[in-house]
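Student: I have the sequence and the structure open, and I would like to work through them with you step by step. Could we begin with a single residue and then widen the view?

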Amino acid sequence: MPFFYSALLSVVLTLTSVTPGFAQVLCGERKAIIKELFEKHQEHPTHAGLVNNGNVLELVTSQEGTWTVLITTPDGTTCILATGEHWTQLKKAQKTGTGI
(Lines give C-alpha, C1' and ligand atoms only; values in the text may rest on other atoms or scores of the structure.)
Protein backbone atom coordinates (compact mmCIF):
# COMPACT_ATOMS: atom_id res chain seq x y z
CA MET A 1 0.00 0.00 0.00
CA PRO A 2 1.53 3.36 -0.97
CA PHE A 3 2.61 5.66 1.86
CA PHE A 4 -0.13 8.21 1.08
CA TYR A 5 -2.91 5.68 1.54
CA SER A 6 -1.33 4.34 4.73
CA ALA A 7 -1.10 7.85 6.15
CA LEU A 8 -4.67 8.69 5.12
CA LEU A 9 -5.92 5.46 6.68
CA SER A 10 -4.16 6.33 9.94
CA VAL A 11 -5.83 9.74 9.99
CA VAL A 12 -9.24 8.25 9.26
CA LEU A 13 -8.93 5.58 11.93
CA THR A 14 -7.82 8.16 14.47
CA LEU A 15 -10.46 10.73 13.63
CA THR A 16 -13.44 8.41 13.22
CA SER A 17 -13.29 7.74 16.95
CA VAL A 18 -14.11 11.38 17.77
CA THR A 19 -15.94 12.05 21.01
CA PRO A 20 -19.63 13.00 20.62
CA GLY A 21 -19.14 16.54 21.97
CA PHE A 22 -16.40 17.23 19.44
CA ALA A 23 -18.36 15.65 16.59
CA GLN A 24 -21.37 17.92 17.18
CA VAL A 25 -19.29 20.96 16.27
CA LEU A 26 -17.97 19.47 13.01
CA CYS A 27 -20.97 17.45 11.76
CA GLY A 28 -24.13 18.23 9.82
CA GLU A 29 -26.12 17.59 6.69
CA ARG A 30 -23.82 16.69 3.75
CA LYS A 31 -25.58 18.99 1.30
CA ALA A 32 -25.15 22.00 3.62
CA ILE A 33 -21.48 21.22 4.31
CA ILE A 34 -20.68 20.78 0.58
CA LYS A 35 -22.47 24.07 -0.20
CA GLU A 36 -20.53 25.91 2.52
CA LEU A 37 -17.18 24.50 1.32
CA PHE A 38 -17.96 25.62 -2.24
CA GLU A 39 -19.13 29.09 -1.25
CA LYS A 40 -16.22 29.81 1.12
CA HIS A 41 -13.35 27.92 -0.54
CA GLN A 42 -14.56 26.91 -4.05
CA GLU A 43 -13.99 23.27 -3.06
CA HIS A 44 -15.60 20.41 -4.98
CA PRO A 45 -15.75 16.68 -4.11
CA THR A 46 -12.94 15.01 -6.08
CA HIS A 47 -12.39 11.57 -4.51
CA ALA A 48 -14.50 9.16 -2.47
CA GLY A 49 -14.17 5.69 -1.05
CA LEU A 50 -16.12 3.25 1.07
CA VAL A 51 -14.64 2.56 4.52
CA ASN A 52 -14.91 -0.99 5.90
CA ASN A 53 -17.47 0.11 8.53
CA GLY A 54 -19.88 1.44 5.88
CA ASN A 55 -18.87 5.11 6.11
CA VAL A 56 -18.01 7.07 2.98
CA LEU A 57 -14.74 9.03 3.02
CA GLU A 58 -14.55 12.04 0.67
CA LEU A 59 -11.83 14.42 -0.36
CA VAL A 60 -13.03 17.90 -1.34
CA THR A 61 -10.45 20.14 -3.03
CA SER A 62 -10.13 23.51 -4.75
CA GLN A 63 -8.03 24.74 -7.67
CA GLU A 64 -6.15 26.93 -5.16
CA GLY A 65 -5.00 23.87 -3.18
CA THR A 66 -7.31 24.00 -0.15
CA TRP A 67 -8.73 20.63 0.88
CA THR A 68 -11.19 19.04 3.29
CA VAL A 69 -11.65 15.40 4.30
CA LEU A 70 -15.25 14.41 5.08
CA ILE A 71 -16.76 11.23 6.45
CA THR A 72 -20.44 10.37 6.00
CA THR A 73 -21.98 7.70 8.20
CA PRO A 74 -24.66 5.25 7.01
CA ASP A 75 -27.31 7.38 8.77
CA GLY A 76 -26.35 10.34 6.55
CA THR A 77 -24.42 12.46 9.06
CA THR A 78 -21.37 14.14 7.50
CA CYS A 79 -18.40 15.25 9.60
CA ILE A 80 -15.31 17.28 8.73
CA LEU A 81 -12.24 15.24 9.69
CA ALA A 82 -9.44 17.50 8.50
CA THR A 83 -8.76 20.63 6.45
CA GLY A 84 -5.64 22.12 4.98
CA GLU A 85 -3.80 23.85 2.17
CA HIS A 86 -1.34 23.02 -0.62
CA TRP A 87 -3.11 19.89 -1.92
CA THR A 88 -1.16 18.37 -4.78
CA GLN A 89 -2.41 15.73 -7.19
CA LEU A 90 0.17 12.96 -7.54
CA LYS A 91 0.53 10.70 -10.54
CA LYS A 92 -1.53 7.53 -10.38
CA ALA A 93 0.42 4.42 -9.44
CA GLN A 94 1.41 2.38 -12.46
CA LYS A 95 0.76 -1.34 -12.57
CA THR A 96 3.98 -3.28 -12.59
CA GLY A 97 4.29 -5.88 -15.30
CA THR A 98 4.96 -9.52 -14.59
CA GLY A 99 7.34 -9.77 -17.51
CA ILE A 100 5.22 -12.46 -19.12
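Student: Where in the chain is asparagine 55 placed?
Tutor: Keep in mind that this is a predicted model. Strand 2 covers residues 44-50 and strand 3 covers residues 56-61. The place of asparagine 55 is therefore in the loop between strand 2 and strand 3.

Student: Is asparagine 55 buried or exposed?
Tutor: Leaving aside residues up to four places away in sequence, asparagine 55 touches Gly49, Leu50, Ile71, Thr72, Thr73 and Pro74. Its relative accessible area is 9%, and a residue counts as buried when that value is under 20%. Asparagine 55 is therefore buried.

Student: How many residues lie between the two strands of the hairpin that strand 2 and strand 3 form?
Tutor: Strand 2 and strand 3 run antiparallel and are joined by six bridges, and one of the pairs sets glycine 49 against leucine 57 in strand 3. In the turn of this hairpin, glycine 54 has a positive phi of about 95°. The number of residues between the two strands is five.

Student: What is the bridge partner of threonine 72 in strand 5?
Tutor: Strand 4, residues 67-72, and strand 5, residues 77-84, pair in the antiparallel sense over six bridges. Within this pairing, the residue of strand 5 that partners threonine 72 is threonine 78.

Student: Which elements give two or more residues to the largest nonpolar core?
Tutor: The largest nonpolar core has eight residues, namely Leu57, Leu59, Trp67, Val69, Ile71, Cys79, Leu81 and Ala82. In general, nonpolar side chains tend to be buried together in soluble globular proteins. The elements that give two or more residues to this core are strand 3, strand 4 and strand 5.

Student: How many residues of strand 3 are buried?
Tutor: Strand 3 and strand 4 pair in the antiparallel sense over six bridges, and glutamate 58 stands opposite leucine 70 in strand 4. Strand 3 is mostly covered, and the number of its six residues that are buried is five.

Student: What pattern does the protein follow when it is read along the sequence?
Tutor: The protein has three helices and five strands, and buried residues make up 24% of its 100 residues. Read along the sequence, the pattern is α-α-β-α-β-β-β-β.

Conventions
Residues numbered from 1 in each chain as written. Predicted model: local features only at pLDDT ≥ 70, side-chain atom pairs only at ≥ 80, totals over all residues. Heavy atoms only, no water. Helix = DSSP H or I, 4+ residues; strand = E, 2+ residues; numbered from the N terminus. Buried < 20%, exposed > 50% of the residue type's maximum accessible area, 1.4 Å probe, protein only. Contact = heavy atoms within 4.5 Å. Pairing = 2+ DSSP bridges. Core = buried A, V, L, I, M, F, W, Y, C linked by side-chain atoms within 4.5 Å.
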